[in-house]
Amino acid sequence: MALLEIQLLGAKVLRERAAPVGEITDATRQLVRDMFDTMYDAEGIGLAAPQVGIPERILVVDVADEDETRHVHALVNPVITRSSRDTGKEVEGCLSIPGIEESVTRPVRVTVEGLSPDGEPVRLEAEGLLARALQHEVDHLDGVLFVDRVSPLKRGILLRKWRKSRASR
Ligand code: NI
């Protein structure tokens with residue numbers, strides 16, 4: 001088991017657009033395993049490669065439904081190909097901004113297409129928490145954080161709270 005260092009808000013890599021993975025190799029699969037280890041260790045439900053300092057389009061999620069069905073996925077080069085018109089608002093957090101939470105409005109259902117770590121095409125029809133987690137992680141691949149998706153007023157409050165919590169360390 002290998003734990004990777006989680007990059008925190010302020011790290012440049014979190015604000016860059018991650019590059020598509022050209023060829024899936026053993027190194028890609030090792031990275032995916034390490035990302036799962038790191039996510040579980042931090043008790044998160046999703047993680048994107050830029051969050052561990054790797055600017056590549058890779059994400060992992062492990063989300064449980066209300067009926068406790070688990071959805072464990074690793075996606076390479078994921079693309080949201082459909083988004084529902086109806087939206088929902090739920091509280092989100094992020095391993096890169098620990099201690100900060102806020103409600104974010106997002107489409108309730110999405111279709112996400114990409115590749116598995118074995119290079120097989122994957123197509124996920126997701127709703128609820130899985131849909132939300134996938135959108136949050138795909139955002140990371142574009143350098144977008146959940147605090148970008150709240151009102152400027154709320155963002156200001158969250159960022160002040162974040163800076164204060166960092167300063168007291
Ligand atoms: Ni996040």
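Trainee: How many bridges join β2 to strand β3 (residues 70–83), and what makes them a pair?

Mentor: Seven bridges join β2 to β3, and the strands run antiparallel. Two strands pair if DSSP finds at least two bridges between them, so β2 and β3 count as paired. Val-63, for instance, has His-71 in β3 as its bridge partner. Bear in mind that the model is predicted: local features need pLDDT of at least 70 and side-chain atom pairs 80 or more, while totals for chains, interfaces and linings use all residues. Numbering starts from 1 along each chain as its sequence is written, and side-chain values use heavy atoms, leaving out hydrogens and water.

Trainee: What makes β1 a partner of β2?

Mentor: Strand β1 (residues 46–48) has three bridges to β2, in the antiparallel sense. Leu-47 stands opposite Val-60, and Gly-46 has Val-61 as its bridge partner. As for what a strand is, it is a DSSP run of E with at least two residues, while a helix is H or I with at least four, both numbered from the N terminus.

Trainee: Why are β1 and β7 called edge strands?

Mentor: The open sheet has the order β1-β2-β3-β6-β7, with antiparallel pairing. β1 and β7 (121–127) each pair on one side only.

Trainee: How do you know that β2 (residues 58–64) is mostly covered?

Mentor: Six of its seven residues are buried. Buried means under 20% relative accessible area (exposed is over 50%, partly exposed in between; 1.4 Å probe, protein chains only).

Trainee: What does helix α1 touch?

Mentor: Helix α1 (residues 26–41) packs on the sheet and touches β1, β2 and β3 (contact: heavy atoms within 4.5 Å). Its direction makes about 40° with that of β2, where axes are lines fitted to C-alpha atoms, for helices over the stretch in contact, and angles run from 0 to 180 degrees between N-to-C directions. α2 lies across β1, β2, β3, β6 (109–115) and β7, at about 160° to β2.

Trainee: Which residues are the protein donors of the nickel ion, and what makes them donors?

Mentor: Cys-94 (SG), His-136 (NE2) and His-140 (NE2) lie 2.1 to 2.2 Å from the nickel ion. Donors are N, O and S atoms within 2.8 Å of the metal (3.2 Å for Na, K and Ca), so these three qualify; water is not among the atoms, so sites may look incomplete. Cys-94 sits in the loop between β4 (87–92) and β5 (102–107), and His-140 in helix α2 (residues 128–141), 46 residues apart.

Trainee: Why is His-140 called buried?

Mentor: Its relative accessible area is 1%, so His-140 is buried. Cys-94, at 9%, is buried too.
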